[in-house]
Amino acid sequence: MSLFKARDWWSTVLGEKEEFDQGCLCLADVDNSGSGQDKIIVGSFMGYLRIFNPHPVKTGDGAQAEDLLLEVHLRDPILQVEVGKFVSGTEMLHLAVLHSRKLCVYSVSGTLGNVEHGNQYQLKLMYEHNLQRTACNMTYGSFGGVKGRDLICIQSMDGMLMVFEQESYAFGRFLPGSLLPGPLAYSSRTDSFITVSSCRQVESYKYQVLAFATDADKRQETEQQKLGSGKRLVVDWALNIGEQALDICIVSFNQSASSVFVLGERNFFCLKDNGQIRFMKKLDCSPSCFLPYCSVSEGTINTLIGNHKNMLHVYQDVTLKWATQLPHIPVAVRVGCFQDLKGVIVTLSDDGRLQCSYLGTDPSLFQAPKVESRELNYDELDVELKELQRIIKVVKSQGIWPMPEKEDDLKVYAMVSSNFDPVSQATDVEIGTDVVPSITVQVTLQNRIVLPKVKLSIYVQPPLVLTCDQFTFEFLAPEMISTVSFSVYLKRSYTPSDLEGNAVVSYSKPTGTPRVVQCKFRLPLKLICLPGQPSKTANHKLTIDTNQSPVSLPSLFPGFANQSDDDQINVMGFRFLGGSRVTLLASKTS
């Protein structure tokens with residue numbers, strides 16, 4: 001447990017009930033402002049793409065409206081976002097968004113605003129690639145040593161690497177023996193792709209070997225997992241780490257050689273370019289994400305590792321240098337520069353808690369003020385107390401305080417007719433050949449005071465419908481009575497969840513205070529159901545055991561029993577309008 005907490009510099013919560021993962025966070029100057037300030041790009045599994053530029057007025061402020069530069073709903077789930085030189089003919093940065101079946105590259109541009117609304121930002125689609133296979137993750141880089149542009153490699157769920165040379169598709173290759181996709185990274189120093197296979201070993205594949213191997217599109221389905229008959233796709237080097245990997249990161253800083261960092265389920269590894277272990281560290285807690293970054297000490301690398309105990313550890317090689325507590329479990333961590341403040345740690349949780357924080361402590365600048373001691377004058381206190389009591393009595397006598405209402409300003413009554421309408425009001429019904437009845441409901445309103453505008457709304461459960469569900473009244477004098485009638489009938493051939501209706505009256509008192517009064521009414525079962533013949537066969541049977549003798553069925557359903565039937569009848573049949581049949585059986589002996 002750490003004594004220090006990550007200092008909150010800026011934070012926000014993204015959306016509602018959205019989900020995020022390690023590929024959903026990216027930091028870059030995506031709008032090519034040239035200021036050197038990073039923007040936070042976040043994509044969610046719900047398809048929302050958001051770009052933030054934090055500008056807290058003071059440390060710990062939440063997100064303001066102007067901090068959100070852009071929010072777009074792309075409909076498809078966003079698996080990963082990356083920023084690079086993805087458009088031919090220019091070295092400007094563009095945004096690549098990976099969906100499960102599509103890769104889209106966008107340009108983000110800003111326009112200076114001339115009014116108080118601020119700057120305007122637009123997202124423009126440059127090109128997109130529709131994928132034939134479901135994508136898992138992607139990486140990018142200068143494959144093959146190209147200059148001034150970045151190529152994209154996407155790994156599919158069935159272990160195929162698809163390489164895109166910006167606007168065109170280059171080739172696709174199946175990784176040998178692939179079962180489940182793992183994390184993927186590109187090493188520019190060795191021009192190779194590094195992944196962790198389902199055999200729990202780190203594998204490196206040269207880009208040139210991939211380019212000249214047998215084309216995956218020309219191979220038969222039965223040969224996808226074989227090496228092929230043309231040029232064989234062989235691994236450059238492999239290292240068994242004995243556990244599944246969460247992420248891979250390849251770093252190369254001025255003061256150290258290129259290193260391959262692999263975050264496992266219990267350890268994290270640092271490998272050389274040729275696959276030899278430089279060092280490894282066994283972790284005390286289950287990790288959730290990591291990020292290697294440059295160290296001030298020559299020949300060492302610092303690594304941020306987040307775990308499932310809401311902690312963020314800082315390692316210098318294998319030595320723990322700092323531990324800080326976060327308010328959430330991070331699934332992605334990045335380091336960026338905002339407002340000329342370098343080294344801001346950006347973390348994202350799986351439920352959308354985005355936070356920019358820094359390490360260390362804040363000095364306490366508060367000093368308790370000196371309290372002037374003075375003697376109490378009890379005579380003055382008695383005079384002040386008597387004056388306050390006098391004011392309270394005056395306020396009570398004038399009735400300024402709100403008093404409880406003794407009587408309602410408006411009363412509502414609802415009455416359901418005992419018989420069906422002589423002429424059914426049902427229109428546009430979708431219930432086969434059955435004759436659909438309707439029943440009249442009468443609602444009466446009585447006011448106590450003048451109420452100029454009163455609105456009555458009637459609600460019933462579908463597929464029950466009303467001939468009219470909205471009414472308006474004007475009570476220009478006290479003690480007026482108004483009555484409205486409407487009919488209810490079944491429109492479609494499925495059962496409503498409830499036969500209870502609700503009459504809601506909304507009005508405003510003369511003081512302007514809004515009020516709502518409601519009255520419930522219950523519709524008869526015969527409105528949606530007819531007597532039917534009992535049946536001994538059924539698709540579904542439900543038995544209810546009680547420790548009491550069953551109630552007489554005719555007393556429960558008086559409208560469905562014939563006058564000649566005995567009160568001790570123990571079986572009744574029902575048939576829903578345009579729907580199923582139900583048989584109710586009460587046991588005579590138990």
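Me: What is the volume of the largest pocket, and how should I read the word "pocket"?
Reply: On a 1 Å grid over the protein atoms alone, a pocket is an open set of points with protein on both sides within 12 Å along at least five of seven lines, and a lining residue has an atom within 4 Å of a point. Grid points are joined across faces, edges and corners, and a volume is the space filled by probe spheres set on the points. Here the largest pocket holds about 1,700 Å³ of space. Of its 48 lining residues, Glu82, Asp247, Ile248, Cys249 and Arg334 are the closest to its centre. Keep in mind that this is a predicted model: local features need pLDDT of at least 70 and side-chain atom pairs count only at pLDDT 80 or more, while totals for chains, interfaces and linings use all residues. Residues are numbered from 1 along each chain as its sequence is written, and side-chain values use heavy atoms, with hydrogens and water left out.

Me: Which elements give two or more residues to the lining of the largest pocket?
Reply: Helices (H or I, at least four residues) and strands (E, at least two) are DSSP runs, numbered from the N terminus. In this lining, the elements giving two or more residues include strand E7 (78-84), strand E19 (245-251) and strand E27 (330-338).

Me: How do the residues of that lining divide by class?
Reply: Ala, Val, Leu, Ile, Met, Phe, Trp, Tyr, Cys and Pro count as nonpolar, Asp, Glu, Lys and Arg as charged, and the others, Gly among them, as polar. The lining of the largest pocket has 29 nonpolar, 13 polar and 6 charged residues.

Me: And what lines the second largest pocket?
Reply: That pocket has a volume of about 1,200 Å³. Its lining comprises 28 residues, with Leu542, Thr543, Thr583, Leu584 and Leu585 nearest the centre. Strand E40 (581-585) supplies the largest share, 5 residues. By class, the lining of the second largest pocket splits into 12 nonpolar, 12 polar and 4 charged.

Me: How many cavities of 30 Å³ or more are there?
Reply: A cavity is a set of grid points where a 1.4 Å probe fits but cannot get out. By this rule there are 3 cavities of 30 Å³ or more. The largest has about 70 Å³ of space, and among its 14 lining residues Gln155, Leu175, Ser178, Leu180 and Ser197 lie nearest the centre. That lining divides into 6 nonpolar, 7 polar and 1 charged.

Me: Which residues line the second largest cavity?
Reply: This cavity, of about 50 Å³, is lined by Leu283, Asp284, Cys285, Ile305, Gly306, Asn307, His313 and Tyr315. Strand E24 (301-307) and strand E25 (311-316) each give two or more of these residues, and E24 gives the largest share, 3 residues.

Me: How many residues does the largest nonpolar core have?
Reply: A nonpolar core is a set of buried Ala, Val, Leu, Ile, Met, Phe, Trp, Tyr and Cys residues joined through side-chain atoms within 4.5 Å. Buried means under 20% relative accessible area, exposed over 50%, and partly exposed in between (1.4 Å probe, protein chains only). The largest core has 41 residues, and Leu445, Leu456 and Leu523 have the most contacts inside it. Strand E35 (residues 481-490) contributes the largest share, 5 residues. Domain bounds come from an automatic or database domain assignment, and this core draws at least three residues from each of domain 2 (410-525) and domain 3 (528-589). A second, separate core of 18 residues includes Leu69, Val81, Val108 and Tyr121.

Me: Is Leu359 buried or partly exposed, and what is it in contact with?
Reply: Leu359 counts as partly exposed because its relative accessibility is 32%. Contact means heavy atoms within 4.5 Å. Leaving aside neighbours within four places in sequence, Leu359 is in contact with Arg7, Val314, Trp322, Thr324 and Ile345. Leu359 sits in the loop between strand E29 (353-358) and helix H2 (378-397).

Me: Where is there a cis peptide bond or a positive phi?
Reply: Most residues other than glycine have a negative phi, and most peptide bonds are trans. In this model, a cis peptide bond joins Pro462 and Pro463, with omega about 10°. Pro463 lies in the loop between strand E32 (451-459) and strand E33 (464-466). Asn32, not a glycine, has a positive phi of about 55°, and Asp317, also not a glycine, has one of about 60°.
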